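Reader: Could you walk me through this structure, taking it one topic at a time?

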Amino acid sequence: MDKQTCLHDKHVALGANMVPFGGFDMPLYYQDITTEHNAVRHEVGLFDVSHMGEVRVTGPDAERFVQHIFTNDVAGAEYGKIFYGMMLRPDGGTVDDLLVYKMGENDFLLVINAANIDKDYAWMLENIKGYDAVADNQSEHYGQLAIQGPKAEALMLPVLGLDCAELVFYTFKEITVDGETIIASRTGYTGEDGFEVYGSHQFIRSAWDKLIAAGVQPCGLGCRDTLRFEVGLPLYGDELTDEISPVMAALSMFVKLDKPEFIGKEACAQQKAEGIAKKVVGIELQDKGIPRHGYPVCAEGHEIGYVTTGYKSPSTGKSVCMALIDVAYSKLDTPVDVMIHGKARRGLVCKKRFYQKSYKK
Amino acid sequence: MAKVIEGLYYAESHEYVKVEGDFGYVGITDYAQGQLGNVVYVDMPEEGDEVSAGEEFGAVESVKAASDLISPVSGEVVEVNAALEDEPELINKDAFENWIIKVRLSDMAELDNLMDAAAYQASCE
């Protein structure tokens, strides 16, 4: 039996097409994926992302512990800063990608993928031994909304009573509403300006109702995936896995090798120094057809990798994909074939940003 | 409520055949297009290709997924519906009007294995 978020009944009442995702019964779409995708690109859309997990890390060694398990560098960060990065295995494979919120001195909130909550929490508890710090899984407490799109900012104060205009990209603030302290951050997973709000189930349900009443388009996981894909953002399970390191995923900028230590540092340093066998690239098809996850990629008559995510891009109409392929073929404009329904479809390696991001920095 | 049309032959995998003389027009049913959602691409065979009853001959694709097309009949593809190359969404507008391939039927007896409109409608409920 899949878990339900605190908004499950509202999705069902809206007639959402529900699918299992990450152990939860989640909305894939309400109207259709393209309509919801376009709402976020050009107006604003509302997502239930309450399935995401939250782990609070506190204690005298909290910062030292986060530095130990996290690839990005949070040392001495100001309160209100957010960092994107990964937790790695010693061999450089990715346990998960996550956001780290600096809540205070030796106080962090780690936001992790729904499907990985149990695995990640076990990983944290295993690695926290010897640190004077506590990791508390608060995933059941928090609901989370994502309000995404160029018109998101204009809704925050009038509809939700949250004054977020001064927040810059990848920062947050805590706001007290009706006696409850909620978290509002300028973050998202769509390539557009927008916010994510964390609070109790009661707060999240009330905020959802207000936004829907204000006419905001509810958006499902279908367009969440097309939106993140178009701007080249990875999804754990596709572009990052236990076997795919951030170096292979072309996400080295979030791996701070100048930190004194973290789990997986040596493996990443070695991959950077000696090179990697496979790398995540973009491919744009010249022929017709839609590349999908798992389809083989070939060149010069042999298989060189597979598609990690692919779509006919709703924003551009182009058939594009991200793929994990042999580095020998990873240079821009290298001709490769994607095998679609048994036929070779010609494509060229391209940047994995198929659509320009519009963040408010 | 999905539409069905009398006089067509229907497969369990939600394709239909409209028979005219020696030819069959093969497409997906109204029920199938409704389940699939907005069609963004139709992967079609080429004219001159052979299709076999029960075997895949292409795919109809929504944003999220590709759904195999299974031919209800055997024969040579004499025409593909070229309009679907630029406007795949025609299938959502009228799935019965917008057939996908026209086949020169090689075995009329195969039609006996398919359902009539009433049986197909019952199978969708």
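**Where the chains meet**

Author: The side chains of Lys64(B) and Asp225(A) meet in a salt bridge, 3.9 Å from N to O, where the term asks for a side-chain nitrogen of Lys or Arg within 4 Å of a carboxyl oxygen of Asp or Glu. This is a predicted model in which local features need pLDDT of at least 70 and side-chain atom pairs count only at pLDDT 80 or more, while totals for chains, interfaces and linings use all residues. Residues are numbered from 1 along each chain as its sequence is written, chains are lettered from A and ligands numbered from 1 in the order in which they are written, and side-chain values use heavy atoms, with hydrogens and water left out.

Reader: Switching topic, which aromatic pair does Tyr101(A) form with Tyr198(A), stacked or edge-to-face?

Author: The structure holds 14 aromatic pairs over all chains, counting rings of Phe, Tyr and Trp (its six-membered ring) whose centres lie within 6.5 Å, with planes under 30 degrees apart called stacked, over 60 edge-to-face and the rest tilted. Tyr101(A) and Tyr198(A) are edge-to-face, at 5.4 Å centre to centre and 80 degrees between the planes.

Reader: Are those two buried or exposed?

Author: Both Tyr101(A) and Tyr198(A) are buried, meaning under 20% relative accessible area, whereas exposed is over 50% and partly exposed in between (1.4 Å probe, protein chains only).
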